[in-house]
Amino acid sequence: MSTTYLSTEALAHLACAQQTIEEHLLRCRTCGTNRPCYNRIEAERVFLRYGRLPRRTPGLTGAATRRPGLGWFHCP
């Protein structure tokens, strides 16, 4: 197994793409569309190009706060 190191410019592209994806989650706050917008698709392509995955930030979408009382151990 080999280790791959990325250049500073590649890491900067990934950081920019990460920020774009966080701004365009679920319903795009910037564009106002329900579908993935052009900016998010381009950011996802950056991660694909470098063979990386975006970082996960728990609670960023606010999914747990949308429907209180519903969860893994609660009945609707």
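Helix α1 has 16 residues, which should span 22 Å at 1.5 Å a residue; its end C-alpha atoms lie 23 Å apart, so the two values agree. The model is predicted. Its secondary structure amounts to three helices and zero strands. Along the sequence the pattern reads α-α-α.

**Chain overview**

- The chain has 76 residues, and 20% of them count as buried.
- Take the contacts with a separation of 6 or more: residues 24 or more positions apart account for 50% of them.

**Helix α1**

- The buried residues of α1 are Ala 10, Leu 14, Ala 17, Gln 18, Thr 20 and Ile 21. They sit on the same side of α1, because their arc around the axis is only 165°.
- Thr 8 and Glu 9 are exposed, on the face of α1 turned away from its buried side.
- Gln 18 belongs to helix α1. Its relative accessibility is 3%, so Gln 18 counts as buried.
- Beyond its neighbours within four places in sequence, Gln 18 contacts Phe 47, Pro 54 and Arg 55.

**Helix α2**

- Helix α2 covers residues 38-50, 13 residues in total. From first C-alpha to last it reaches 19 Å, close to the 18 Å expected at 1.5 Å a residue.
- Gly 51 follows α2. The phi of Gly 51 is positive, near 65°.

**Nonpolar core**

- In soluble globular proteins, nonpolar side chains tend to be buried together.
- The largest nonpolar core here has seven residues. They are Leu 14, Ala 17, Ile 21, Leu 25, Ala 43, Val 46 and Phe 47. The elements giving two or more residues to this core are α1 and α2.
- Val 46 touches His 13, Leu 14 and Ala 17, with residues up to four places away in sequence not counted. Leu 14 and Ala 17 are themselves core residues.

**Loop between α1 and α2**

- His 24 lies in the loop between α1 and α2. With a relative accessible area of 4%, below the 20% cut-off, His 24 is therefore buried.
- Leaving out neighbours within four places in sequence, the contacts of His 24 are Thr 30, Cys 31, Cys 37, Asn 39 and Arg 40.
- Cys 28 is found in the loop between α1 and α2. Its relative accessible area is 3%, so Cys 28 is buried.
- Apart from neighbours within four places in sequence, Cys 28 contacts Thr 33 and Cys 37.
- Cys 28 and Arg 40 are 12 residues apart in sequence. Their C-alpha atoms are 9.0 Å apart in space.

**Cysteines**

- A disulfide is a covalent bond between the sulfur atoms of two cysteines. A search of the whole structure finds zero disulfides.
- Cys 28 and Cys 37 are in contact, yet a disulfide would need their sulfur atoms within 2.5 Å.
- Cys 37 has 8% relative accessibility, so Cys 37 counts as buried. Cys 37 is also among the contacts of His 24.
- Cys 16 has 47% relative accessibility. That value falls between the 20% and 50% cut-offs, so Cys 16 counts as partly exposed.

Methods: Residues numbered from 1 in each chain as written. Predicted model: local features only at pLDDT ≥ 70, side-chain atom pairs only at ≥ 80, totals over all residues. Heavy atoms only, no water. Buried < 20%, exposed > 50% of the residue type's maximum accessible area, 1.4 Å probe, protein only. Helix = DSSP H or I, 4+ residues; strand = E, 2+ residues; numbered from the N terminus. Expected span 1.5 Å × (residues − 1). Arc of directions from axis to C-beta. Contact = heavy atoms within 4.5 Å. Core = buried A, V, L, I, M, F, W, Y, C linked by side-chain atoms within 4.5 Å.
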